[in-house]
Amino acid sequence: MDYDDRRAAAYDADRPERAAEAGAVAGVIADLAAGGAVLELGVGTGRIALALVERGVAVTGIDASEAMVARLRNKPSGDKVRVVMGDFGDPAALVDAPFAVVLVAASTLFELDDQDAQLQCLTRAATLIGPDGVVVVEAFAPDVTRADQSLSVTGSADGRVTLRAVRHDPMTQVVHGHDVVVDDAGTRLVPYRIRYATVPELDLMARLAGLRLRARWGGWHRQPFTLASDRHVSVYERA
Ligand SMILES: C[S@@+](CC[C@H](N)C(=O)[O-])C[C@H]1O[C@@H](n2cnc3c(N)ncnc32)[C@H](O)[C@@H]1O
């Protein structure tokens with residue numbers, strides 16, 4: 001997915017509920033890190049990283065988008081997050097171990113093209129944690145019965161409405177979508193593509209990466225993960 005200037009500008013503004021959750025995310029991750037360092041894959045505009053910095057946690061972030069990282073840099077304490085530019089598909093090629101937590105939040109793992117790329121990412125991430133470290137994945141819990149086409153409202157804030165038009169291929173688990181952004185400046189289309197993994201598939205990928213599930217919640221308030229959960233926070237430790 002191309003996080004250019006326009007997408008980066010919309011990222012923080014479009015989903016205020018996502019921004020409001022950053023403190024809860026940082027609380028969970030800081031607890032898991034227990035004084036150790038955190039690596040965030042796809043650090044973006046620093047939504048979570050800066051909330052961690054506020055709690056005194058040392059954070060390194062990897063990202064490929066100059067536009068997203070520029071926004072992080074321009075925020076208060078933006079200079080306190082160490083950012084490495086590059087592809088997090090192989091994070092071990094970019095940063096040195098160990099970290100107490102490697103975090104990939106907000107379904108960002110699904111931005112890697114296919115199962116091979118996602119498995120490689122988890123496998124390399126597993127080499128970056130210490131003996132008591134964890135890899136934490138937050139992702140939406142795919143509804144495998146979802147329609148092959150849909151249109152929904154995904155954002156509505158400050159004079160801007162974002163509609164999401166989606167095509168879903170259940171065979172490849174690829175979702176092609178367009179965000180249709182409507183505001184005072186007019187209407188524009190922002191394309192995206194994700195390849196999702198189901199929850200059991202993710203557990204198997206983690207197992208192949210030498211990890212095992214320690215905990216799974218239905219969100220960042222550690223609520224139970226149930227059939228009704230639309231996402232999961234999965235904590236993997238060394239097997
Ligand atoms: C959905 S945003 C999440 C940002 C942040 N983690 C958060 O939760 O707000 C995904 C981020 O991952 C980055 N990204 C996606 N694929 C990447 C890749 N293969 N390598 C490095 N960064 C990538 C994008 O540039 C973007 O900043």
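Predicted model: local features only at pLDDT ≥ 70, side-chain atom pairs only at ≥ 80, totals over all residues.

User: In what order do the four strands of the open sheet lie, and in which sense do they pair?

Analyst: Strands of a sheet pair through backbone hydrogen bonds, either parallel or antiparallel. Here, the four strands follow the order β6-β7-β8-β9, with antiparallel pairing. At the edges stand β6 (149–157) and β9 (186–195), each of which pairs on one side only. On average, neighbouring strands of this sheet are turned by 20 degrees against each other, direction ignored. Helix α1 (residues 5–14) packs on the sheet and touches β6, β7, β8 (174–183) and β9. The direction of α1 makes about 70 degrees with that of β6.

User: How many bridges link β6 and β7?

Analyst: Eight bridges link β6 to β7 (residues 160–169), in the antiparallel sense. Within this pairing, Gly-155 is found opposite Thr-162 in β7.

User: How do β1 and β2 run, parallel or antiparallel?

Analyst: These two strands run parallel and are joined by four bridges. Glu-40 stands opposite Gly-61 in β2.

User: Which residues lie on each side of β2?

Analyst: In a regular strand the side chains alternate between the two faces of the sheet. In β2, Val-59, Gly-61 and Asp-63 lie on one side, and Thr-60 and Ile-62 on the other. Both faces are covered, and five of the five residues of β2 are buried.

User: Which residues have the most contacts inside the largest nonpolar core?

Analyst: In soluble globular proteins, nonpolar side chains tend to be buried together. The largest nonpolar core here has 60 residues, and those with the most contacts inside it are Ile-29, Val-38, Leu-52, Val-101, Val-102 and Val-135. Helix α3 (residues 22–33) gives the most to this core, namely seven residues. Beyond its neighbours within four places in sequence, Leu-52 is in contact with Ala-26, Ile-29, Ala-30, Val-38, Val-57 and Val-59.

User: Finally, which residues are closest to the ligand?

Analyst: The closest are Gly-42, Gly-44, Arg-47, Ala-64 and Ser-65, among 19 residues that surround the ligand. By class, this shell has 10 nonpolar, five polar and four charged residues. Both α4 (47–54) and β2 (59–63) supply at least two residues of the shell.

Conventions: Residues numbered from 1 in each chain as written. Near = placed C-beta within 6 Å. Nonpolar A, V, L, I, M, F, W, Y, C, P; charged D, E, K, R; others polar. Pairing = 2+ DSSP bridges. Axes fitted to C-alpha atoms, helices over the stretch in contact; angles between N-to-C directions. Contact = placed C-beta atoms within 7 Å. Core = buried A, V, L, I, M, F, W, Y, C linked by C-beta atoms within 7 Å. Buried ≥ 20, exposed ≤ 12 C-beta atoms within 10 Å, placed from the backbone.
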